[in-house]
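User: Can you walk me through this one? Keep it quick.
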Amino acid sequence: MESRLQVQGHPIQPMLVTFPFGLFVSAAVFDLADVAGGPAFLGEVGYWTAVAALVAAALTAVAGMVDLWDVRAGRTRRTAVTFNLVNAAMAALFLLTCLMRAHAPQRGATGVEVATELLALAVGSVGVWLGARLMRQFDRGRAAEPTGFEALRDIPGATVEIIRPKA
């Protein structure tokens, strides 16, 4: 997958998805603790964490739309479109729970809202799998980049010398 938005030659959008997904997981954990009888402020923290995740998801969606602009028709494009739709579905489910809680005095979650969030995370897990698939499709055909200390060898001015042990 060729991308206009890249970090060291890798498309940025599949990497950005980890931020909203992690925030959504955190929001669900806070809400689960609130419903399980934890302090009332956990529901408020869960709500605002979900709101932050929605902002991150919106920014990630913009990066996804920019990437989709250049993807040629075929398997990679279908995967990229599905990836973006799955992530949008996860965000839509969290948006639904946030809208239901927006006017509550403490913004605490109910059992139904936590169940909706857990469903959203299950949908988002499919998105994580699709993102990994996109990265593999992108890397297919490219030469493997050096990792670890091997990567230091090509840096101008590096003072590290790599000596392989003799067998």
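Predicted model: local features only at pLDDT ≥ 70, side-chain atom pairs only at ≥ 80, totals over all residues.

User: How many helices and strands in the protein?
Analyst: The protein has 5 helices and 2 strands. These are DSSP runs: H or I of at least four residues for helices, E of at least two for strands, numbered from the N terminus.

User: In what order do the elements run from the N terminus?
Analyst: β-β-α-α-α-α-α.

User: What share of the residues is buried?
Analyst: 34% of the 167 residues. Buried means under 20% relative accessible area, exposed over 50%, partly exposed in between, with a 1.4 Å probe and protein chains only.

User: Now aromatics. How many pairs?
Analyst: There are 2 aromatic pairs. Ring centres of Phe, Tyr or Trp (six-membered ring) must lie within 6.5 Å; planes under 30 degrees apart are stacked, over 60 edge-to-face, the rest tilted. F24 and F94 are stacked, at 4.2 Å centre to centre and 20° between the planes.

User: Where do F24 and F94 lie?
Analyst: F24 is in helix α2 (residues 18–35) and F94 in helix α4 (residues 75–101), so the pair ties together parts 70 residues apart in sequence. Both are buried.

User: And the other pair?
Analyst: Y47 and W48, edge-to-face, at 5.0 Å centre to centre and 80° between the planes.

User: Is Y47 buried or exposed?
Analyst: Y47 is buried, at 8% relative accessible area. W48 is partly exposed, at 44%.

Key
Residues numbered from 1 in each chain as written. Heavy atoms only, no water.
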